[in-house]
Amino acid sequence: MNTSRRHSYGLPSRCWCRKGVVIFYLRTDDNPYRRFYRCEIGAQRKKKNHLFKWVDDALLDEIRRVEAEQGRIVEEIEDLKSSITQTIEEEVRKQKNSLELGCLGSILWLFGRLRSQEWVKSVYWF
């Protein structure tokens, strides 16, 4: 395997020489009409050190890359769901504690007002 093929993963767009790649097809008995990517220079000069890659291999590489990316995204989504759930639970606990303290404070305030009103009534009624 030559170096240009070894470093070409997925769908190639350029050769190492920076020329674009073109899809050709073979007219041989071994690979009739099998498509391949080839550098423009490599196609003209038939040099083996320019990009050459079978289209079906490139597509399989791309499918594997997309599957790996999809797996990474699914993992990231699960992490985000877990993080959001944890954050929501913490906020609910804080709000619940705040509400309980708020309710207790309101009850104590009302109780204090009632007691002071009862004191006022007791002072003026006698």
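The protein has three helices and three strands, where helices (H or I, at least four residues) and strands (E, at least two) are DSSP runs, numbered from the N terminus. Their order from the N terminus on is α-β-β-α-β-α. This is a predicted model, in which local features need pLDDT of at least 70, side-chain atom pairs count only at pLDDT 80 or more, and totals for chains, interfaces and linings use all residues. Residues are numbered from 1 along each chain as its sequence is written, and side-chain values use heavy atoms, with hydrogens and water left out.

**Confidence**

- The average pLDDT (the predictor's confidence in each residue, from 0 to 100) is 79 for the protein.
- A score of at least 70 is reached by 75% of the residues.
- Strand 2 (residues 32–39) has the highest confidence, with a mean of 91, and helix 1 (residues 3–6) has the lowest, with a mean of 42.
- Residues 1–6 have a pLDDT below 50, and this stretch makes nine contacts in the model beyond near neighbours in sequence; a contact means heavy atoms within 4.5 Å.

**Strand pairing**

- Two strands pair if DSSP finds at least two bridges between them.
- Strand 1 (residues 21–27) and strand 2 run antiparallel and are joined by six bridges.
- A hairpin of four residues leads from strand 1 to strand 2.
- Arg27 has Pro32 of strand 2 opposite it.
- Strand 2 is also joined to strand 3 (residues 52–54) by three bridges, and these two strands run antiparallel.
- Tyr37 has Lys53 in strand 3 as its bridge partner.

- Asp61 lies in helix 3 (residues 55–125).
- Asp61 counts as buried because its relative accessibility is 11%; buried means under 20% relative accessible area, exposed over 50%, and partly exposed in between (1.4 Å probe, protein chains only).
- The side chains of Asp61 and Lys53 make a polar contact at 2.5 Å.
- A polar contact is a pair of N or O atoms within 3.5 Å; within protein, one must be able to donate a hydrogen and the other to accept it, and residues adjacent in sequence count only if both atoms are side-chain atoms.

**Whole chain**

- The protein has 126 residues, of which 18% count as buried.
- Of the contacts between residues at least 6 apart in sequence, 36% join residues at least 24 apart.
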